[in-house]
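This note collects several points for a colleague's review of the structure shown below.

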Amino acid sequence: MHAGIIFFLVILGSVLFHIFTPWYWTDIASNWGSMDDTITLTFWIGGGVFVAVCLFMTYCVFKFSYKEGRKAEYKPEDKKLERILTWATTIGVAALLAPGLIVWNQYVNVPKNAIDVDVMAWQWGWQYRLPGEDGKLGATKIVNINDNNPFGIILEDPYGKDDIMIQSDVINLKNNRPVKILLRSVDVLHNWYVPQFRAKMDAVPGVITYYWFEPNKVGEYEVLCAEYCGVGHYAMRGGVIVQSEQDYEIWLQEQQTFSELIAKQKKIELNETKLAKK
Amino acid sequence: MSDPKIEGYEFKPGYSGMAQDTASDQTMFKGVHWGKAMMWIFLLSDTFIFSCFLISYMKGRGSTTVEWPNPSEVFGLHVFGVDVPLLLIAIMTFVLITSSGTMALAVKYGYEKNRKMCGWLILATAIGGLTFVGMQAFEWSKLIHEGVRPWENPFGAPQFGSFFFMITGFHGTHVSIGVIFLFIYAYKTFAGHYDERKRGWFTSMKGDYVEIEILGLYWHFVDLVWVFIFAFFYLW
Amino acid sequence: MSEDFKNNKEIHAQSSETISGGTGGSAPDLDYVRPAEVSDQDLYHGHSFITKWVFCQDAKIIGIQYFCLATFTGIIGLILSWLMRLQLGFPEAAGFMTAEHYYQFVTMHGMIMVVYFLTALFLGGFGNYLIPLMVGARDMVFPYLNMVSFWSFFVAVLVLLASFFVPGGPTGSGWTLYPPQAILEGTPGSGMGIILMCVSLILFVAGFTMGGLNYLITVLQARTRGMTLMRMPLTVWGIFTATVLAMLAFPALLVGSLMMMLDKLLGTSFFMPTILKAGEVLEYGGGSPILFQHLFWFFGHPEVYIVALPAFGIISDLISVHSRKNIFGYRMMVWAIVGIGALSFFVWAHHMYVSGMNPWFGFFFATTTLIIAVPTAMKVYNWILTLWRGNIRMNTVMLWCLGFIVTFVNGGITGIFLGNVSVDVPLSDTYFVIAHFHMVMGIAPLMVIMGAVYHWFPLVTGKFLSEKLGKWHFWTTFLGAYSIYFPMHYLGFIGVPRRYFEMYDSPYMTSAVGMNEFISLAAFLVGAAQFILIFNIIKSLKTGKAAGKNPWQANSLEWLTPIVPPEHGNWGDRLPVVHRWAYDYSVPGAKEDFITQTTAPSEVTDTKVEKT
Amino acid sequence: MVETDKKEQTTTHKIGIYLWIWGLLFVLSFFSYMVDWYQFQGMLRWSLILIFMFLKAGLIMAFFMHLFWERYALVNVLLWPMTAIACFIFLMVAEFKYTLFTRLLYFFVGG
């Protein structure tokens with residue numbers, strides 16, 4: 001009897017905890033509200049099943065606890081009941097799967113007007129690159145990477161010249177404009193994750209991965225690494241600033257392109273050699 | 001091996017027989033010796049190992065951007081002034097198939113309790129296996145001499161060397177283990193352990209000619225794997 | 001050596017004279033069971049201490065050896081989890097712990113618990129002890145191989161533990177061992193640690209293959225007369241199917257470990273693309289880290305069911321025995337186990353939705369994953385429908401069963417979140433995942449193990465465990481574990497990523513400091529509660545109540561041996577003959593509320609047995 | 001282990017069948033070697049390689065390993081797990097194509 005009461009209280013406690021919890025998801029700041037909706041739907045259906053199953057179990061504990069002399073029912077199978085339960089479950093599962101697949105279809109198909117943002121991960125930090133006026137990123141090679149060329153852009157590639165290099169671990173994004181995050185890593189697995197945007201994807205060395213979202217709330221957000229990448233994993237942070245269009249354009253003007261960066265570097269080297277000659 | 005006779009059990013053919021065997025008591029594989037069933041299941045597991053190797057090889061070869069060496073040239077031999085592609089590999093294939101054939105016959109004579117014939121055939125199989133291992137050693141040393149290493153090769157993608165040494169090495173290990181057991185079994189056959197039902201050295205279980213068939217299954221499997229390696233690694 | 005076999009000389013195949021297994025029944029046709037197909041098993045009887053207790057070929061002793069060694073490694077895993085929770089809940093009190101230590105503890109905790117504790121305990125421990133007894137065999141079919149299996153496991157554990165003492169310590173790459181970081185500087189234990197880990201896994205797989213072949217062939221080829229597959233207790237079905245999965249899934253782990261070892265030792269580039277590290281380009285190139293993930297999860301997902309299926313099977317038996325009712329929908333239960341097992345090979349990449357694999361895989365794997373939910377749900381329904389109109393003994397064993405149902409349903413439903421591809425995106429790699437898999441394959445199987453220990457302890461030792469201590473043990477474990485993992489899901493919702501040594505002052509974490517402290521306290525308590533069991537075992541061995549034969553009035557064969565606890569060879573001079581399934585409880589018309597599997601139909605002619 | 005102290009001899013097959021299969025295996029191996037010798041390319045090469053491979057594998061399994069004479073219970077137990085392998089192969093083909101595609105796109109083409 002006591003056992004039944006405790007089990008009942010556990011279930012009641014779980015439901016109450018869910019209703020009154022102060023810990024729940026952060027305010028969403030991207031277009032992926034549909035993910036939250038799917039989670040909510042799963043909560044309703046799944047939570048309903050959980051409560052129903054556990055309450056039924058508790059009821060059985062109250063009702064059918066051992067009594068000397070009583071005999072349990074003898075019924076090996078009930079085809080009809082089993083069939084009903086199978087179909088009901090199948091329908092429930094299909095109802096959960098369908099929205100999941102629809103949202104995933106949106107997730108893997110990037111809208112045409114998305115801006116590319118190249119995110120490079122390394123142990124343990126982030127760096128960013130944006131395409132220049134041609135809207136295209138230059139091809140890269142890891143062996144080309146050096147201090148002047150943090151992404152290893154192939155110098156001969158015409159697309160690469162006007163790429164905008166962000167000399168910071170914070171990236172600015174335009175509000176209400178989709179971005180396609182292109183992820184690359186030079187060493188191990190990483191994952192560029194902003195909880196408010198909901199979306200995430202691993203950065204894998206050797207290939208480029210992608211995902212997209214549309215920030216829709218101006219503000220500053222913290223970037224976390226969400227794939228274990230060695231001892232510095234927990235400290236691998238970055239930032240995102242979502243800005244209105246005007247603010248974004250101002251910020252963009254201040255950034256240097258790849259050719260500017262190289263030219264500046266050359267100038268410094270030239271000066272150094274001059275100084276050395278003197 | 002046509003259906004064995006089992007008291008009180010009538011065999012049905014085909015899928016209805018399968019249903020009947022599965023639903024029956026005591027055994028699912030009617031008349032199949034425990035050891036033989038074990039070897040089959042082990043080979044199934046081993047198939048998954050080799051499949052994982054070959055799938056990894058496919059993934060590695062398929063996704064590398066560096067050119068994959070042409071195996072026909074890499075494994076070619078220069079004999080009598082002509083370049084013959086894949087000559088050594090072809091000979092190895094024939095050697096292994098030959099040994100598989102002698103093994104199959106050994107199993108047959110084992111069941112007929114033909115001790116001498118069985119023993120000689122097992123010995124022939126063992127020698128075939130030994131030849132194969134020897135030729136593989138020659139092939140390895142030739143490639144190593146040409147500069148192929150597990151981590152690099154002069155002909156192209158470094159994965160070529162990695163997968164080559166790993167997969168043929170793993171297969172060669174199987175062959176070598178098989179050869180060792182073939183020699184042991186040849187001895188045991190000649191010594192009459194199976195006729196006298198002498199107990200095994202370690203397991204202390206009574207000997208039986210079925211052990212030859214079990215070893216035969218293993219040996220044919222090694223040949224089977226080579227068929228796949230030959231197709232996927234050397235010909236592809 | 002020949003005298004070792006002398007006890008067995010008189011045993012012959014049961015001929016057709018002894019066909020009717022009952023008491024010289026009045027209706028021999030009714031009791032007819034086919035004669036034995038093969039003659040009786042020839043067993044090696046040890047004489048010395050070494051052959052009887054150390055290098056022993058008796059599956060029951062091997063089972064106990066597996067059980068003890070797995071429990072020992074499990075306790076190490078438990079201590080590691082304490083250290084982790086100390087760091088997460090009270091970082092100021094864990095000043096001695098660096099990030100390296102933390103990650104090493106995380107890794108070893110995960111690997112030990114999944115492979116060396118749960119897998120070894122369910123299959124090696126319960127499998128060895130119960131399979132031969134439940135199917136009516138004298139022993140496993142290859143006792144010598146079975147012994148070697150245990151000692152391979154022993155060496156694997158030694159190698160694993162040795163990695164704590166090598167330079168650089170054990171690997172700290174997470175239990176998934178993802179390359180490239182597993183073998184690169186920057187991850188603790190990337191030198192000897194990871195090599196020993198791979199060696200240990202390869203040894204484990206080799207040893208397990210030997211054991212697994214035994215379990216499979218014993219179930220398939222060495223059942224006793226009358227024991228059809230559809231009369232086997234679900235425990236055997238669960239362990240059997242799990243072993244099939246293990247035989248087919250461990251190869252992928254073996255191949256993955258081997259290739260990673262070659263990457264580390266020989267500098268091959270199976271999993272290693274061009275890598276820039278500390279300004280230098282390493283001598284790797286062209287490999288694919290995602291390949292390892294595919295290999296690992298091709299093993300890893302079936303591995304989940306390798307742990308879960310024996311738990312499903314055992315819990316079905318415990319619920320049925322202690323509800324005094326047949327398991328509801330036995331055939332559905334069997335097909336669900338087989339179906340889950342088969343499907344588990346087609347769902348592996350649901351662990352990799354955000355790994356950067358081909359994005360179109362998401363559709364395939366989400367669909368297959370959610371299909372698995374259907375047979376799993378059917379099992380849950382059948383468990384609670386078994387309770388319905390039963391006559392439930394509310395003893396410790398039943399409490400563990402009820403605890404299992406609550407935690408398993410909870411963890412199963414959060415599994416639907418994570419299996420459904422786009423729902424997984426925000427939740428993957430957060431604490432939600434940790435809470436999910438601890439609930440579903442940590443706590444739930446643990447409940448089953450504990451239930452099984454309380455249930456079968458009288459069989460193994462002949463003594464009952466103390467009910468009073470058992471109830472204390474159950475309630476602290478259940479309530480404690482539930483209050484660890486239920487709130488933890490909400491940390492995941494906030495977005496706290498897993499495998500974080502500490503959170504600094506991130507806004508996500510500051511709101512959850514209190515919860516983290518609470519979780520840690522609960523974890524200390526739950527861990528400590530497990531020592532109640534050890535105390536209970538020691539105490540009950542000395543002063544426990546004698547159990548006698550078949551103390552739970554169960555039907556299955558393991559309780560029906562002539563001597564309890566069963567001796568080597570299990571069945572004395574006559575193998576049992578089975579006439580019915582293992583669940584004839586409370587049959588209308590029967591004198592008692594159970595009819596054992598060996599009861600001949602002629603003895604119970606006046607009952608309304610539906611299924612035999 | 002099982003004692004098969006049966007009086008009757010286990011029936012074996014005629015030697016001819018083994019020699020036949022043996023010969024066929026040699027011929028098929030020779031053919032697959034010829035695929036390389038004549039340097040067939042493209043689909044023709046692949047299909048020929050696969051056909052000869054499966055024929056050889058089938059013959060070895062069916063006759064040398066006696067699977068042809070075994071009961072369906074054993075045959076099915078051995079062959080059904082291959083669907084998992086088939087699925088793995090199928091998906092890994094899709095995976096390597098995708099990996100190669102992204103590598104070529106981002107590391108060579110750019111844009």
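1. For the packing described here, an axis is a line fitted to C-alpha atoms, taken for helices over the stretch in contact, and angles run from 0 to 180 degrees between N-to-C directions. The model is predicted. In chain A, helix α1 (residues 2-20) and helix α2 (residues 33-63) have axes that come within 9 Å and cross at roughly 165°. Angles over 145 degrees count as roughly antiparallel, and α1(A) and α2(A) are therefore roughly antiparallel to each other. The crossing of α1(A) and α2(A) is left-handed.

2. Which residues make this contact between α1(A) and α2(A)? From α1(A) come Ala3(A), Gly4(A), Phe7(A), Phe8(A), Ile11(A) and Val15(A). From α2(A) come Val51(A), Cys54(A), Leu55(A), Thr58(A), Val61(A) and Phe62(A). By class, the contact of α1(A) with α2(A) holds 10 nonpolar and 2 polar residues, and no charged ones.

3. The interface between chains A and C brings 79 residues of chain A into contact with 94 residues of chain C. On the chain A side, at least two residues each are supplied by α1, α2, α3 (79-108), β6 (190-193) and β9 (219-225). The largest share of that side, 14 residues, is from α3(A). Classified by residue type, the side of chain A that touches chain C has 50 nonpolar, 17 polar and 12 charged residues.

4. The remaining points concern backbone geometry. Most residues other than glycine have a negative phi, and most peptide bonds are trans. Chain C has a cis peptide bond between Pro179(C) and Pro180(C), with omega about 0°. Pro180(C) lies in the loop between α4 (143-162) and α5 (192-221) of chain C. A cis peptide bond also joins Val564(C) and Pro565(C), where omega is about -10°. Pro565(C) is located in the segment after α15 (513-543) of chain C.

5. Gln26(B) is not a glycine, yet its phi is positive, at about 65°. Gln26(B) belongs to the loop between α1 (14-23) and α2 (34-63) of chain B. Is Gln26(B) buried or exposed? A residue is buried if 20 or more other C-beta atoms lie within 10 Å of its own; Gln26(B) has 24 other C-beta atoms within 10 Å and is therefore buried.

6. Ser586(C), likewise not a glycine, has a positive phi of about 50°. Ser586(C) is placed in the segment after α15 of chain C. With 23 other C-beta atoms within 10 Å, Ser586(C) is buried.

How values were computed: Residues numbered from 1 in each chain as written. Chains lettered and ligands numbered in written order. Predicted model: local features only at pLDDT ≥ 70, side-chain atom pairs only at ≥ 80, totals over all residues. Helix = DSSP H or I, 4+ residues; strand = E, 2+ residues; numbered from the N terminus. Parallel < 35°, antiparallel > 145°, perpendicular 65-115°, else oblique. Left-handed = near helix turned anticlockwise from the far one by under 90°. Contact = placed C-beta atoms within 7 Å. Nonpolar A, V, L, I, M, F, W, Y, C, P; charged D, E, K, R; others polar. Buried ≥ 20, exposed ≤ 12 C-beta atoms within 10 Å, placed from the backbone.
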